[in-house]
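User: Could you show me how to read contacts and helix packing in a model like this one?

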Amino acid sequence: MTRDERWNQMWNAVMLFLKENKRRPSKYKPEEHDLRNWVKYNVKRMRSGQMPANCLERMQQLLDEGERLRRVNQHVYTHPETQSLIDTPNT
């Protein structure tokens, strides 16, 4: 198996995980550790400019999907209509 085939296989596994579980891989669950490490390693390669152009677009697609599924902190309310009420001081 070539490096590109392995990369595509892991990319497919991470995308499938995102779509099935509606969340990103957790650092606390050992069975998800490999997926999370693969994503972290490839983000590092992407930021340092070491990622090939054919993988760059697909990796960005994966990151966009992961960002869309990002967990929202329940204690921080950021509704656009009420955000202006939070930002303005009472006078």
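User: Which residues does Glu32 touch, not counting residues up to four places away in sequence?

Analyst: Contact means heavy atoms within 4.5 Å. By that rule, Glu32 touches Phe17, Arg23, Arg24, Pro25 and Ser26, leaving out residues up to four places away in sequence. This is a predicted model, where local features need pLDDT of at least 70, side-chain atom pairs count only at pLDDT 80 or more, and totals for chains, interfaces and linings use all residues. Residues are numbered from 1 along each chain as its sequence is written, and side-chain values use heavy atoms, with hydrogens and water left out.

User: Is Glu32 buried or exposed?

Analyst: Buried means under 20% relative accessible area (1.4 Å probe, protein chains only). Glu32 is buried, at 4%. Its side chain also joins that of Arg23 in a polar contact of 2.6 Å; such a contact is a pair of N or O atoms within 3.5 Å, one able to donate a hydrogen and the other to accept it, and residues adjacent in sequence count only if both atoms are side-chain atoms.

User: How do I read the packing of two helices?

Analyst: Two packed helices are described by the angle between their axes and the distance between the axes. Helices here are DSSP runs (H or I, at least four residues), numbered from the N terminus. The axes, lines fitted to C-alpha atoms over the stretch in contact, of H1 (residues 3–21) and H3 (residues 53–68) come within 10 Å and cross at roughly 15°. H1 and H3 are therefore roughly parallel, the term for angles under 35 degrees.

Methods: Axes fitted to C-alpha atoms, helices over the stretch in contact; angles between N-to-C directions. Helix = DSSP H or I, 4+ residues; strand = E, 2+ residues; numbered from the N terminus. Parallel < 35°, antiparallel > 145°, perpendicular 65-115°, else oblique. Buried < 20%, exposed > 50% of the residue type's maximum accessible area, 1.4 Å probe, protein only.
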